Amino acid sequence: MAYSFTGIFSAAQTAAATAITVSATYSAGDQAICIATYDDTGGLLSETMTDGTNTYTKIGTTEDDTVGGQCYVIFQCKNCAAGTFTVSFNLPSSRGFIAIGVTHEAGLSTTTTAVQAQNVQNNPGTGTDAVTSTNLTPGSQPGMLLGIGSADSSSITSITAGTGFTNEGALTNWDTAFSTKSRVEDKRLTSISAVASTFTLGSSGTNQTVVSFGIFVPESGGAASAVPELEYYYSRRRAA
Amino acid sequence: MALTTLLTIPQATVSAGGHTFGPSAVINSAISQFLIVLNQISWSNAGDLAITYSADYSLDGGTTWAASASGNIFDVPIPSKRGNVADQIVIACTIPGIGNANRKVRLVTTFAKTLTVSGSLEAQ
């Protein structure tokens, strides 16, 4: 059965803090792909995400948008317990403009580590799909390609879902507190070809930076990897 | 949607300890977002913990409460980033239960030291 995107929880504050939490409700076996941000003044910190029950693992590296002055980091919880949890994004020292966003999905693998691509673009313009996470290569299919984009400039009027993606909403509390624009999108992949999450901006200008992520997680059960196809190819060559 | 003021927090010097701002009156059933705005009127900028908070909502008129978001606030200046008001604390979180006519919000705090603040609880 195809996966389903089931919601977004978020919270944000301008004041410096060592932690910010959001209440998140999961069903058993949900996947949670989480994003957090903090002011980059002083450099990158060692980030964690916790809720007292579930395990959140950092995916990829911290992305520092040096023009917008924000660090971004992705966490994955592969197999959420059922219930309502206080999900906390934690830093070892206080930083301003700190926020947490939790997306959750049903029907995804509860054991597979996400494949991720990330990118920062300065003044990408308003061309269709001009904002790109850069390509990632799914290890199997079918699965979910989740895109998260954040425009770190108050002068950008909008960021919309890329071609072929479903708009799942925005990190509205980030946008309200920080004067940013964000977008969460997804697409069901049925190919293992390299692919990027893309977005389109509504305006262009100077010092307009956009951070974007593409995160792939296969669906639970029936995931087909590239290996059988290669085995078939080489068995045909041997037979020839 | 324009901001709606749910509760005004008059300028006051707040002593160390627990303080609850609100609850608000029943809020419009269409509101989905809760903002806390606090101005740092008299802070030392010492860099230490100033406030811990819980942004709470009630779906039953104030009988029971749950936290939408929580966190802490350190005693440091807030820059005017992307046009935000300098030294203004803005906390944004979600109020669930759109369509429910019995919702209220409140801000539960513990001040680690005496601070002078003003502010409001807003919604949109």
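Student: How many residues does the contact take from chain B and from chain A?

Tutor: It takes 25 residues from chain B and 31 from chain A, where contact means heavy atoms within 4.5 Å. Bear in mind that this is a predicted model, in which local features need pLDDT of at least 70 and side-chain atom pairs count only at pLDDT 80 or more, while totals for chains, interfaces and linings use all residues. Residues are numbered from 1 along each chain as written, chains are lettered from A and ligands numbered from 1 in written order, and side-chain values use heavy atoms, with hydrogens and water left out.

Student: What area is buried between the two chains?

Tutor: About 2,000 Å², with carbon and sulfur atoms giving 44% of that. Buried area is the accessible area (1.4 Å probe) that two parts lose on being put together, summed over both.

Student: What makes the meeting of A:D39 and B:K81 a salt bridge?

Tutor: The rule asks for a side-chain nitrogen of Lys or Arg within 4 Å of a carboxyl oxygen of Asp or Glu. The side chains of A:D39 and B:K81 come to 2.8 Å, N to O, so the pair qualifies. The count between chain B and chain A is 2 salt bridges.

Student: Which strand gives the most to the side of chain B that touches chain A?

Tutor: That's β5(B), with 8 residues. Strands here are DSSP runs (E, at least two residues), numbered from the N terminus.

Student: How do you know in which sense β14(A) and β15 of chain A pair?

Tutor: Two strands pair if DSSP finds at least two bridges between them. β14(A) and β15 (181-189) have 3 bridges, in the antiparallel sense, so they pass. In β15(A), A:D186 is the bridge partner of A:T166.

Student: Which strands are in that sheet, and why do some stand at the edges?

Tutor: The order in this open sheet is β9-β17-β12-β15-β14 (chain A), with antiparallel pairing. β9 (115-122) and β14 (166-169) of chain A each have a single partner strand, so one side of each is left without a neighbour in the sheet.

Note on methods. Helices (H or I, at least four residues) and strands (E, at least two) are DSSP runs, numbered from the N terminus.
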